[in-house]
Amino acid sequence: MSRRLVVDPIACDGRGVCAELLPGVVTLDDWGYPVVDGRPLPPELLAEVRRAVRLCPTLALRLERLAPGQDSSSSARSAALRTP
Ligand code: SF4
């Protein structure tokens with residue numbers, strides 16, 4: 001089952017640890033708060049994403065399971081993230 005990364009904007013304090021750990025998954029907005037696109041994560045990134053979830057100082061990150069049918073773009077994203 002695919003998963004996606006979700007940020008709790010209330011809990012997040014915008015220090016940007018997640019963007020440093022996951023540069024291909026998290027970007028920062030103009031105020032330094034994380035932006036995630038909510039798309040399914042490629043399986044090869046899950047270990048790194050779990051690490052970022054553990055290291056978030058305010059517990060604002062979580063991995064969310066996607067229902068069947070919501071994960072059709074994970075292979076396309078995986079290919080896009082591998083492109084230099
Ligand atoms: S690591 Fe956690 S607190 Fe820091 S910017 Fe990311 S979500 Fe917010």
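Trainee: What share of the contacts with a separation of 6 or more comes from residues 24 or more positions apart?
Mentor: In the protein chain, 68% of them. Keep in mind that this is a predicted model.

Trainee: What does E64 touch, leaving out residues up to four places away in sequence?
Mentor: S2, R3, R4 and V6.

Trainee: And where is E64 found?
Mentor: In strand β4, which covers residues 61–65.

Trainee: Back up a bit. How many helices and strands are there in the protein chain?
Mentor: The chain has 3 helices and 4 strands.

Trainee: In what order do the elements run?
Mentor: Starting at the N terminus, the order is β-α-β-β-α-β-α.

Trainee: How much of the chain counts as buried?
Mentor: Of its 84 residues, 36%.

Trainee: New topic, cavities. How many of 30 Å³ or more turn up in the whole structure?
Mentor: The search finds 1.

Trainee: What volume does the largest cavity have?
Mentor: About 120 Å³. Its lining is made up of 16 residues, and C12, G16, C18, C56 and P57 are the closest to the centre.

Trainee: How does that lining split by class?
Mentor: It has 10 nonpolar, 4 polar and 2 charged residues.

Trainee: Now the ligand. Where does it sit?
Mentor: In the largest cavity.

Trainee: Which residues come nearest to the ligand?
Mentor: There are 13 residues around the ligand, and C12, G16, C18, C56 and T58 come nearest.

Trainee: And the classes in that shell?
Mentor: The shell around the ligand counts 8 nonpolar, 3 polar and 2 charged residues.

Trainee: Last one, backbone. What is the phi of L59?
Mentor: Near 55°. That is a positive value, and L59 is a residue other than glycine.

Trainee: Where is L59 found?
Mentor: In the loop between α2, residues 46–55, and β4.

Trainee: Is L59 buried or exposed, and why?
Mentor: L59 counts as exposed because its relative accessibility is 69%, and the cut-off for exposed is over 50%.

Conventions:
Residues numbered from 1 in each chain as written. Predicted model: local features only at pLDDT ≥ 70, side-chain atom pairs only at ≥ 80, totals over all residues. Heavy atoms only, no water. Near = heavy atom within 4 Å. 1 Å grid on protein atoms, 1.4 Å probe; cavity = no way out; pocket = protein on both sides within 12 Å on 5 of 7 lines; lining within 4 Å. Sits in = over half its atoms within 2 Å of the grid points. Nonpolar A, V, L, I, M, F, W, Y, C, P; charged D, E, K, R; others polar. Points joined across faces, edges and corners; volume = space filled by probe spheres on them. Helix = DSSP H or I, 4+ residues; strand = E, 2+ residues; numbered from the N terminus. Buried < 20%, exposed > 50% of the residue type's maximum accessible area, 1.4 Å probe, protein only. Contact = heavy atoms within 4.5 Å.
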